[in-house]
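Thank you for asking me to look over this model. My comments are set out as numbered points, for you to read beside the coordinates.

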Amino acid sequence: MATQEIDLTVYPDECDAFGHLNQASFLALFERARWEMLARGPGMDIFSRNGAWPAVRKATVDYSAPAYPGDVLRFHQALTHHGRTSFTVRQTARRVRDDALIATAEFVFVCVNREGKPTPVPADFGEFMNARSTPREGATRITVNGVNLAVNVEGEGSTVLFIHGYPLDRTIWEPQVAGLDRWRRIAPDLRGMGLSDAPDLGYSMATYAADLAALLDAFGADRAVLCGLSMGGYIAFEFLRRWRERVAGLILVDTRAEADSAEGKRLRDEAAALAREGGAAAIAETMLPNMLAGSASAELVQRVRAIMTAAPVAGIVGALGAMRDRPDSVGMLASLTALPTLIMVGAEDRLTPPARASAMASAIPDARMIVVAGAAHLPTLEQPTVVTDSVRAFLEGLEAW
Ligand code: MLT
């Protein structure tokens, strides 16, 4: 478990006459989780050894559901603002058993010295919370737009940004990140997916794209080749709409340019209700049959199931709303002149079938298309060598960017 996540059990003496966790005790648990996080990380004395003390200036709590004695709550801590003398920590408490959101809190702190005067936030506290270059479970942590993202960053040179689909994570690009060693590969978990923070609100194609632009800024990359799979393709289109000049090339894998139909939008809402009721596992079971070709090994099925089952419900619901409301991108395809584009699609993909891919390939001026045999919606994992080799050949054909 990440250090920024702390599990605490609700005790009977913290509950009121109705058996609910009392709101005042809840504040104490939020505080306990923050101190515990420091105890397991840089030390509880991180402030005092820097001559600073964090005083709470403002506390906001949203209580979403009751918690009872014996419930184990997972507290997640994220630094959402880091000023010179003040900082903000956003905490969520979810019940471990069913991932239900119990409460969300935001605490604004100001650091003061012994005289009670504002004093700088200790640099090592910011470093710990952002853990920007600390590998954790194979990922670097970085905060952009107030959300802490898990990111794989490998290699040097021109940047390729890998954008995963729904409800997946950065590991669907593992073979490509491992195999394309001539370029710098950046593969984030989008907000709400994988190991990244999953705020309850704030999901749209525009937000995902803005997160990625901020991520590129943070790594000093003016331009990148965007490589998006399915929802990752929708995000790539949004990125192009906003920052066309930053895109050196485009790789679209099992995606489409059309917005959702009215029926598609209705199905998104149905899926969101299912996620709220049955959790990520229920979504995984409905999606799995369409993700992989019939020839997929049991190990691969299990791997993809595990990725989907681990997706936070808030991120699933957020992504569904973002996809439902995304604009149509068909109209912009013809304007993508002088943008080298590679389109790949699994021959057996039923979610975004080859016919959609070839419609995009005909509409984008400088596009070529590859149909990947023996793959459905996840060719990056189903036929990793074919995909990695095709991407490599495409990147080799580009001028350095
Ligand atoms: C994805 O893989 O990202 C989704 O299948 C996209 C979608 O549901 O439209």
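This is a predicted model: local features need pLDDT of at least 70, side-chain atom pairs count only at pLDDT 80 or more; totals for chains, interfaces and linings use all residues.

1. I begin with the site of the ligand, which sits in the second largest pocket. The elements that give two or more residues to the shell around the ligand are H5 and H6.

2. The second largest pocket holds about 610 Å³ of space. Its lining is made up of 24 residues, of which Arg 256, Leu 267, Arg 268, Met 287 and Leu 351 are the closest to the centre of the pocket. By class, this lining divides into 12 nonpolar, seven polar and five charged residues.

3. Which helices each supply at least two residues of the lining of this second largest pocket? They are helix H5 (231–243), helix H6 (262–291) and helix H8 (313–324), and the largest share of the lining, 10 residues, comes from H6.

4. The shell around the ligand consists of Gly 165, Tyr 166, Ser 230, Met 231, Tyr 234, Arg 256, Arg 268, Met 287, Met 323, Leu 351 and His 377. Sorted by class, the residues of this shell are six nonpolar, three polar and two charged. Arg 256, Arg 268, Met 287 and Leu 351 belong to the shell and are also among the residues closest to the centre of the second largest pocket.

5. A polar backbone atom of Tyr 166 is 2.7 Å from an oxygen atom of the ligand, and a backbone N or O atom of Met 231 lies 2.8 Å from a ligand oxygen atom. From Arg 268, by contrast, it is a polar side-chain atom that lies 2.8 Å from an oxygen atom of the ligand. Taken alone, the ligand exposes 270 Å², and the protein buries 93% of that area.

6. How many cavities of 30 Å³ or more does a search of the whole structure find? The search finds one, and the largest cavity has about 40 Å³ of space. Its lining is formed by Met 205, Tyr 234, Phe 237, Glu 238, Arg 241, Ala 257, Arg 326, Pro 327 and Ser 329, and these residues divide into five nonpolar, one polar and three charged. H5 gives the most to this lining, with four residues. Tyr 234 is listed both in the lining of the largest cavity and in the shell around the ligand.

7. Two backbone details involve residues of the ligand shell. Tyr 166, which is in that shell, is joined to Pro 167 by a cis peptide bond with omega about -15 degrees, and Pro 167 lies in the loop between strand S8 (159–163) and helix H3 (174–179). Ser 230, likewise in the shell, has a positive phi of about 55 degrees although it is not a glycine, and it lies in the loop between strand S10 (224–229) and H5.

How values were computed: Residues are numbered from 1 along each chain as its sequence is written. Side-chain values use heavy atoms; hydrogens and water are left out. On a 1 Å grid over the protein atoms alone, a cavity is a set of points where a 1.4 Å probe fits but cannot get out, and a pocket is an open set with protein on both sides within 12 Å along at least five of seven lines; lining residues have an atom within 4 Å of a point. Grid points are joined across faces, edges and corners, and a volume is the space filled by probe spheres set on the points. Ala, Val, Leu, Ile, Met, Phe, Trp, Tyr, Cys and Pro count as nonpolar, Asp, Glu, Lys and Arg as charged, and the others, Gly among them, as polar. A residue is near a molecule or strand if one of its heavy atoms lies within 4 Å of it. A polar contact is a pair of N or O atoms within 3.5 Å; within protein, one must be able to donate a hydrogen and the other to accept it, and residues adjacent in sequence count only if both atoms are side-chain atoms. Accessible areas come from the Shrake-Rupley method with a 1.4 Å probe; for residues, only the protein chains shown count as cover. A molecule sits in a cavity or pocket if more than half of its atoms lie within 2 Å of its grid points.
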